[in-house]
Amino acid sequence: MEDTAIRFENSPQDIKRQILNHLRYSLGKTPDEASIGDIYAALAYCMRDRLMDRMLATRARFREARAKRLSYLSLEFLIGPSLGRNMLALGIRQACEEAVKAFGVNLNDVEAQEADPALGNGGLGRLAACFLESLATLNMPGYGYGIHYDYGLFRQEIRNGYQIEKPDQWALTAAPLQMQRLDRAVLVPLYGRIEHFKDRWEGYNPSWMDWQVVIGVPYDIPSCGHGGHTVNYLRLFTAQPSKDFDIKVFNQGDYFAAMEQKIDTEKISKILYPSDSIQSGKELRLTQEYFLVACALRDIVRNHLDSYDDISDFAEKNAIQLNDTHPSLAITELMRILVDEQWMDWEPAWDITKNTFAYTNHTLLPEALETWSAGLLAHLLPRHMQIIEEINRRFLEEAITLYPDDLQRLARLSIFEEGNDKQVRMANLAIVGSHSVNGVSALHTELIKTRLLPDFFDMWPDKFNAKTNGITPRRWLQKANPGLTALLEQHIGLDFLADMEKISAILPLAQDAAFVEDFLKVKRGNKVKILPLLQDKAMIKADPDAIFDIQAKRIHEYKRQLLNILGIMADYLALVEDGEYPASPFVALFAGKAAPGYTTAKKIIKMIHCMADVINNDKRTRGAIRVGFVPDFRVSIAEGLVAAADLSEQISTAGYEASGTGNMKFAANGALTIGTLDGANIEIEEKVGGENLYIFGLDAQQVADMCAQKTYRPREISDQNPELARVMDALKSDRFCPGEPGLLEWAWHYLYNENDPYLHLADFASYCKTRRRARADYADQEGWANKAICNVARMGWFSSDRTIKEYASQIWKIAPVTGLNGE
């Protein structure tokens with residue numbers, strides 16, 4: 001049938017007319033009745049109309065080319081607000097700005113009506129979002145699969161300095177951004193039992209019986225590439241109860257039981273990372289992980305069979321990337337589908353599976369490598385446990401031929417960790433079932449090979465590779481920093497948005513006095529722009545001429561917010577006791593969430609607020625030091641902070657941060673990094689030059705040696721450093737918590753613990769010395785701007801477009817598919 005779809009014009013008048021149509025026909029409102037929230041919804045529907053046209057054209061182009069597809073499985077997708085990004089991608093933001101003026105509203109205020117989709121926690125989810133955008137920009141067939149959480153992680157409130165978790169009702173404004181796809185709903189089996197049968201050839205033929213059914217209903221969120229030529233999608237599934245089951249229970253008259261079943265089912269997609277401190281929480285989290293992979297694999301296999309007659313070429317037409325260990329059960333689910341439903345023999349099914357999957361590791365913490373109780377997994381997924389046992393049996397048969405006398409090595413390689421509560425090691429499953437295992441920075445990958453997973457690297461060295469993370473410049477420069485983008489456009493055009501390496505053309509301008517002046521004006525303007533946020537949320541009045549020194553990331557011990565706190569306390573005590581003012585006034589800003597069950601991280605948040613109360617209320621610090629905590633850190637807040645920052649705190653203990661992408665976002669916006677030689681900091685130093693950032697502290701080998709040799713002596717370090725000793729005494733004496741005696745004593749004990757794996761006090765002296773050097777450098781504004789411009793100019797390599805090209809050519813074997821866009 002001929003495609004008679006409407007093609008939309010993009011003049012301000014046309015957009016205004018379409019807004020009026022959506023107000024009337026989508027929202028049932030007249031212009032006089034419409035609130036600013038209604039204007040937002042109508043404009044978002046206008047964007048969705050355009051994206052749907054392009055998404056259908058993209059799908060047709062990929063099908064015609066019979067292109068290999070990537071499916072990216074992740075428990076998190078921190079996509080951020082979509083409306084503003086989509087207007088920029090389609091090149092119609094200015095027209096939209098003119099169109100909404102007719103309704104008496106400002107476009108920035110309209111954009112502010114959209115809630116951040118609460119679909120992730122931190123770098124893992126934000127990386128996934130950058131990757132989807134880059135895939136579309138590069139015209140590659142790449143699709144995301146995740147869970148449509150009702151409330152996501154949580155909305156962070158601060159009460160009396162303590163983090164309080166509240167439901168994040170992001171979906172209230174999400175309707176215009178997504179499309180429900182009931183026609184693509186899938187059935188997800190859970191629980192049940194295994195019946196042991198034989199087939200007609202007398203082969204073993206187990207049957208998964210009496211399972212319960214959950215329905216996975218997908219929602220598609222368009223993922224638009226730069227220029228709008230390619231629009232892929234992020235497909236998120238929400239859990240709904242089986243209608244057949246509900247009707248049966250209702251007909252039996254047990255209405256309460258039916259409602260209980262409905263509520264239990266819907267818990268699966270209710271929140272991200274439910275607490276696993278109790279057994280029911282563990283079961284829910286494992287159910288979430290299987291729900292994701294069951295929905296995704298059912299959809300991927302169905303799409304394949306819709307286009308091709310034969311499942312045997314599945315790996316030639318599909319690549320599946322596992323973003324960390326959470327989706328590892330996808331390996332067993334694909335095996336189940338191939339063996340049980342497609343009647344394939346084990347060996348060809350296993351070849352297809354291994355050639356389809358690739359695994360990205362995101363952690364160097366052994367305790368963070370996910371494991372599940374074998375008993376729980378067998379209870380929830382009895383057939384999958386059988387498959388894991390068979391995978392492990394065959395794998396160990398291969399391993400024992402290589403290491404016949406090394407039982408300890410074989411025990412480490414096994415997918416199962418034996419013990420009273422036998423565990424399934426999900427990382428081991430992901431490695432055994434994938435053809436590629438990658439780290440996310442050069443250092444991270446090297447440490448995976450030598451420390452985290454040396455036995456697997458010894459067995460399969462060719463399977464391991466590095467893919468340093470990247471960020472999309474369309475979100476983290478064009479959207480986050482329109483002032484800097486406009487300045488760059490004035491001098492070098494906007495080609496750098498599609499090819500970030502071209503941003504290096506501004507490097508000679510670091511010596512141009514007029515450009516330097518304009519650059520500094522943009523930075524100051526960005527700082528002024530976030531002053532209302534700091535006053536309303538962080539409760540501080542900040543001077544835009546001070547250094548904005550920002551640490552914005554998940555609250556965790558290894559990220560060492562505590563070290564930053566100690567440094568600020570040292571500066572404060574030097575000022576009030578010694579009369580030593582900082583070389584440049586500074587505003588120290590923190591932002592980030594602590595996991596609800598992570599007690600130490602939540603104590604760190606309280607500690608920041610205690611310190612801020614004392615410092616900010618001391619008249620002696622006026623014009624010198626201000627400290628603030630910006631609550632509910634999310635993408636829209638991050639955009640403002642990265643654009644305003646002068647100094648970027650990337651101070652994790654060396655050897656613990658896999659990569660980091662916050663370091664890249666800040667540097668790309670002209671913030672200078674103060675950090676350790678950890679994660680991608682190392683590669684940033686290589687690219688921007690050691691003279692244009694501030695490196696301090698122990699390196700990863702020195703950290704490892706100190707821990708292995710047990711030579712960390714925090715009390716001796718303190719005894720030899722009067723500045724540190726004074727800070728520690730202040731912690732013990734309640735100086736920073738005068739109204740709550742003993743509140744911070746935990747930190748005194750924590751920091752003096754010789755078993756502190758993060759070695760906070762070992763880096764204290766180097767950190768403080770380096771901070772003071774940075775503040776002295778800031779006093780020379782021209783010299784500081786030169787360093788900042790060099791950072792911006794040399795960040796091209798850290799584009800997620802570069803990362804995706806490496807994945808595509810070396811792991812996924814997918815290619816761009818260009819051609820007509822259907823218009």
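Me: Which residue in β23 is the bridge partner of G675?
Reply: This is a predicted model, in which local features need pLDDT of at least 70 and side-chain atom pairs count only at pLDDT 80 or more, while totals for chains, interfaces and linings use all residues. Residues are numbered from 1 along each chain as its sequence is written, and side-chain values use heavy atoms, with hydrogens and water left out. Strand β22 (residues 672-675) pairs with β23 in the parallel sense over 2 bridges; two strands pair if DSSP finds at least two bridges between them. In β23, the bridge partner of G675 is I695.

Me: Which are the edge strands of the open sheet of 6 strands?
Reply: Strands (E, at least two residues) and helices (H or I, at least four) are DSSP runs, numbered from the N terminus. The sheet has parallel pairing and the order β20-β19-β18-β21-β22-β23. Two strands pair on one side only, and these edge strands are β20 and β23.

Me: Is T621 buried or exposed?
Reply: T621 is found in the loop between α24 and β20. Buried means under 20% relative accessible area, exposed over 50%, and partly exposed in between (1.4 Å probe, protein chains only). The relative accessible area of T621 is 0%, so this residue is buried.

Me: Which residue in β4 is the bridge partner of Q156?
Reply: Strands β3 (residues 155-159) and β4 (residues 162-166) run antiparallel and are joined by 5 bridges. Their hairpin has 2 residues between the strands, and N160 takes a positive phi near 55°. In β4, Q156 has as its bridge partner E165.
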